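Trainee: I would like to take a close look at a single part of this model, and to see how that part sits within its surroundings.
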Amino acid sequence: MEQDERKTGRRAGPAPSRLPAFLCSLSLFLAACSVPVAGSLDDAQANRVVVALDRESVDATKEPDPGAEGKWRVLVERDDVPRALAVMREEELPRPEPPGVLDAVGKGSLVPSEAAEHAQLVAGMAGDLERSLEGIDGVLRARVHLNVPDPSPLRDTVPPHGSASVLLEHSGSTPPISADAVQRLVAGGVPALLPADVAVVMVSRPAPAMPSGGELGHLGPIAVARTSLRELQAGLVALVALVALLAGTTLLLYTRLTRLRAESAPAPQGSGRSRKPEP
């Protein structure tokens, strides 16, 4: 019986210690199911990517980028990577931020000419206006072209009148902002420019058709609707963790019960009769 107890203890004792390692491996496996598709993004860029993927029914999340302090990255399920990359390529995401006035002025030669400084200032104003327009919900892309003459004090004549043109690409058939509002916005950001001097061209990009509920995603051999894929993963994780916990608890109770039975059992009696010593 002692040998059976030792055998039972050897087989059942180390098993509960493997449970934390199993749960850790399970967590690492589930974490590997999501992969990053964009990184080193600021908050606005990451939100723009997440919204674009959500419109195409691609489940995406953002989290702090461990490789860039203060930046974000966007993650999707491993099976959704091709669709996510296709959507980002179509939407031209993530887009580089256009340089503003503070970024444009002061760069170039050590002693820039007056014309170079004026060109940098105009480019910076155009970049600031593009940022403002692209920050409007529904605007996909904005391009601002400014023709602002240099108001040189050495000129005796009145400088020619300035002008501007705006190319606005938006989603859906209805523009998120009116042409009059765009004219007022651009004219208000450029000195001596009137709203009537701003030409606005709007290009509509049709909203993508929402996928039908029959579009499926795969989790191993199981095929479900993509909208229910994350819920299924969470349910399977909870189920596997519960089964592992119950198995470890059952094994531990069985080991303790076996030891208690061995300790409470009476000592075995000898089967033969004792012989008296001969005189």
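Which residues in helix 3 meet which residues in helix 4?

Mentor: In this predicted model, Val-49, Ala-52, Leu-53 and Arg-55 in helix 3 meet Ala-84, Val-87, Met-88 and Glu-91 in helix 4. In passing helix 4, helix 3 makes a right-handed crossing.

The surroundings of this contact include a sheet, in which three strands are arranged in the order 1-3-2, open and with antiparallel pairing. Its edges are formed by strand 1 (34-41) and strand 2 (60-64), each of which pairs on one side only, and neighbouring strands are turned against each other by 30 degrees on average, direction ignored. Strand 1 and strand 3 (residues 72-77) are paired in the antiparallel sense over five bridges, and Leu-41 stands opposite Trp-72 in strand 3.

Both helices pack on this sheet. Helix 3 (residues 43-55) touches strand 1, strand 2 and strand 3, and its direction makes about 20 degrees with that of strand 3, whereas helix 4 (residues 81-91) touches strand 1 and strand 3, with a direction that makes about 30 degrees with that of strand 1.

Note on methods: Residues are numbered from 1 along each chain as its sequence is written. This is a predicted model: local features need pLDDT of at least 70, side-chain atom pairs count only at pLDDT 80 or more; totals for chains, interfaces and linings use all residues. Side-chain values use heavy atoms; hydrogens and water are left out. Two strands pair if DSSP finds at least two bridges between them. Helices (H or I, at least four residues) and strands (E, at least two) are DSSP runs, numbered from the N terminus. Axes are lines fitted to C-alpha atoms, for helices over the stretch in contact, and angles run from 0 to 180 degrees between N-to-C directions. Contact means heavy atoms within 4.5 Å. A crossing is left-handed if the near helix is turned anticlockwise from the far one by less than a right angle, and right-handed if clockwise.
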